[in-house]
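Me: I would like to learn how to read a single residue and then a chain-to-chain interface in a model such as this one. Could you take me through both, with the general idea ahead of the particular case?

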Amino acid sequence: MKMIVAIIKPFKLEEVRDALAGAGVQGMTVSEASGFGRQKGHTEIYRGAEYTTSFVPKLRLEVVTSDGEAAGVVETIQTAARTGAIGDGKIFVLDVSQVVRIRTGDADDDAL
Amino acid sequence: MKLSKMISGGLAAAGLAAFAAMPAWAQDAAAAAPAAPFTPTAEMVNKGDTTWMLVSSALVLMMSVPALALFYGGLVRTKNMLSVLMQVLAIVCVAALVWVGWGYSLAFTSGNPYVGGLSKAFLKGVDATTLAATFSNGVYIPEYAFVVFQMTFACITPALIVGAFAERVKFWPLVLFVVLWLTIVYFPVAHMVWYWAGPDFLNAAPTDMGYLWGKGALDFAGGTVVHINAGIAGLMGCLVLGKRIGYKTEIMPPHSLVMTMIGASLLWVGWFGFNAGSNLEANGIAALAFINTLVATAAAALAWALIEQLVHGKPSLLGAATGAVAGLVAITPASGFAAPGTSILLGAVASVVCFFFVTTVKNKLNYDDSLDVFGVHCIGGIVGAIATGIVADPALGGQGWIDYTAAVAKPGVYDMTGQVITQLKAVGLTLVWSGVVSWILFFVIDKTIGLRPSAEVEREGLDLNEHGERAYNY
């Protein structure tokens with residue numbers, strides 16, 4: 001099983017969710033995050049006092065899939081979240097060793 | 001506002017006086033006793049004037065709570081929001097009580113040219129029948145209306161000061177400072193600038209007036225008394241207390257510019273009471289002060305936004321709101337003297353000068369005036385006070401000055417250069433008096449009971465440590 005972690009631009013969430021639902025993904029977790037990569041922060045000016053914010057607001061998506069579906073999910077996210085501009089984000093794929101559904105106790109692929 | 005000789009005396013005295021003043025009787029009386037002293041009567045009070053003064057008083061109170069509290073509160077960090085609201089609220093309450101106790105008497109009774117006496121301490125002799133003079137011969141308002149109108153000015157002026165050292169001051173020592181500052185600085189300055197015997201009395205008592213009033217200094221609604229006075233006191237406070245921990249090394253953006261916008265807008269509305277109310281009568285000059293207050297502010301807010309567009313490439317809301325306040329401050333002393341056209345120019349010029357102080361001078365001199373009380377109120381007040389000498393010139397559509405020493409007040413001959421010099425003297429005296437006394441008061445309180453909280457308290461925030469609560473629980 002794979003966990004796919006994607007850092008995306010916040011306004012791309014709906015498009016990514018629709019694309020993933022269309023590809024048969026059953027669920028995901030979304031959290032607010034901030035950070036920086038090549039896209040540096042921005043400058044705010046209050047009565048002449050300049051503050052450079054080095055962290056940019058992003059959303060962090062987590063999707064867990066079976067090994068076979070992972071590549072398709074990554075491609076779907078990459079296509080839906082892309083604008084072509086700097087700051088589109090990144091996708092990380094991690095191995096997952098165990099999954100348990102809390103309600104039923106189903107394990108691993110059955111729990112996905 | 002400026003003004004006034006209060007006439008004490010209850011109904012009995014007023015009744016006797018009414019006899020003497022009635023024209024039909026006066027013909028007989030005049031022959032026998034031509035030097036009968038003038039006594040105002042209840043017929044000289046106009047219900048329209050009284051209504052306007054009561055409404056204005058409520059508007060000026062709104063300027064401090066909630067307007068100033070929100071304007072300042074939005075500019076500090078979340079952890080200090082309640083401390084600022086509480087400081088403003090408490091100062092308003094304390095000042096109102098002190099005003100009743102001895103403030104009104106020290107400011108608006110005859111004493112020496114620098115401070116009044118204690119004859120009306122705890123409002124002794126003031127009742128629902130006593131009257132206060134206006135700027136017209138034979139026109140009076142109830143003394144209570146005048147007392148409460150002026151009270152609201154004494155409430156907001158010390159509240160303005162707290163912005164200069166927001167986020168780093170202990171609550172009770174600040175309250176102590178306010179009581180002392182009002183007594184030693186505000187009441188004498190108000191007396192010097194605004195006290196005079198009144199139009200019906202100056203002829204008989206040509207020396208019964210405050211020092212700066214006597215010099216002919218023009219301050220319609222409080223450029224010197226309120227804004228320069230508070231602004232320089234704020235600067236002294238921030239110098240004595242020192243910079244906030246993390247100043248210029250940590251990010252300290254305003255926590256809610258929405259609150260600041262609400263506050264600035266309510267200030268603007270309340271300021272109509274402040275400026276147009278200072279006319280003490282609901283007449284054409286009140287309307288003039290009203291329109292000047294509107295257009296000068298509009299010009300100032302736009303001017304600040306335009307400078308920001310040129311300098312930073314973007315017009316900010318905080319900039320426009322700050323410009324609006326700078327314009328309000330600057331038009332205050334000139335509001336009843338200028339014409340709308342010159343008011344627009346004055347507002348725009350004040351905005352440019354304040355922008356320069358807030359963004360450049362403060363950084364160069366490296367003092368931490370947290371919310372720019374000096375840069376906006378003192379500097380805006382100085383620009384306004386000096387410019388009043390220019391825009392009041394009848395040659396520029398101004399109202400000139402009125403010679404009240406004549407039996408019936410008449411316009412005096414206007415000398416612009418002389419008037420500007422007089423304005424400069426009033427500005428200088430206020431700066432020196434308020435600056436020196438404020439510095440001493442801050443210094444002594446800081447060295448004895450302490451003005452500044454510990455570094456730990458300052459880091460964690462004043463709300464939790466000084467007041468035991470937090471502004472937002474979510």
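Reply: Keep in mind that this is a predicted model.

Me: Where in chain B does B:N279 lie, and is B:N279 buried or exposed?

Reply: B:N279 belongs to the loop that runs between α9 (257-277) and α10 (284-312) of chain B. Its relative accessibility is 4%, and because buried means under 20%, B:N279 counts as buried. The side chain of B:N279 also makes a polar contact of 2.6 Å with the side chain of B:N283.

Me: How should I read the extent of an interface?

Reply: The size of an interface is often expressed as the accessible area that is lost when the parts come together. Here chain A and chain B bury about 980 Å² between them, with 62% of it on carbon and sulfur atoms. On the side of chain A, 74% of the area buried against chain B comes from A:Y46, A:R47 and A:Y51, more than any other three residues supply. The contact draws six residues from chain A and 15 residues from chain B.

Me: Which side chains meet in a salt bridge, and how many residue pairs are in polar contact across the interface?

Reply: The rule finds one salt bridge across the interface, in which the side chains of B:D372 and A:R47 meet at 3.1 Å, N to O. Four residue pairs are in polar contact there, both residues being at pLDDT 80 or more. On the side of chain A that touches chain B, the elements giving two or more residues are β3 (42-46) and β4 (49-53) of chain A, and the residues of that side divide into three nonpolar, two polar and one charged.

How values were computed:
Residues numbered from 1 in each chain as written. Chains lettered and ligands numbered in written order. Predicted model: local features only at pLDDT ≥ 70, side-chain atom pairs only at ≥ 80, totals over all residues. Heavy atoms only, no water. Helix = DSSP H or I, 4+ residues; strand = E, 2+ residues; numbered from the N terminus. Buried < 20%, exposed > 50% of the residue type's maximum accessible area, 1.4 Å probe, protein only. Polar contact = N/O pair within 3.5 Å; in protein donor to acceptor, adjacent residues only side chain to side chain. Contact = heavy atoms within 4.5 Å. Buried area = accessible area lost by both parts, 1.4 Å probe. Salt bridge = Lys/Arg side-chain N within 4 Å of Asp/Glu carboxyl O. Nonpolar A, V, L, I, M, F, W, Y, C, P; charged D, E, K, R; others polar.
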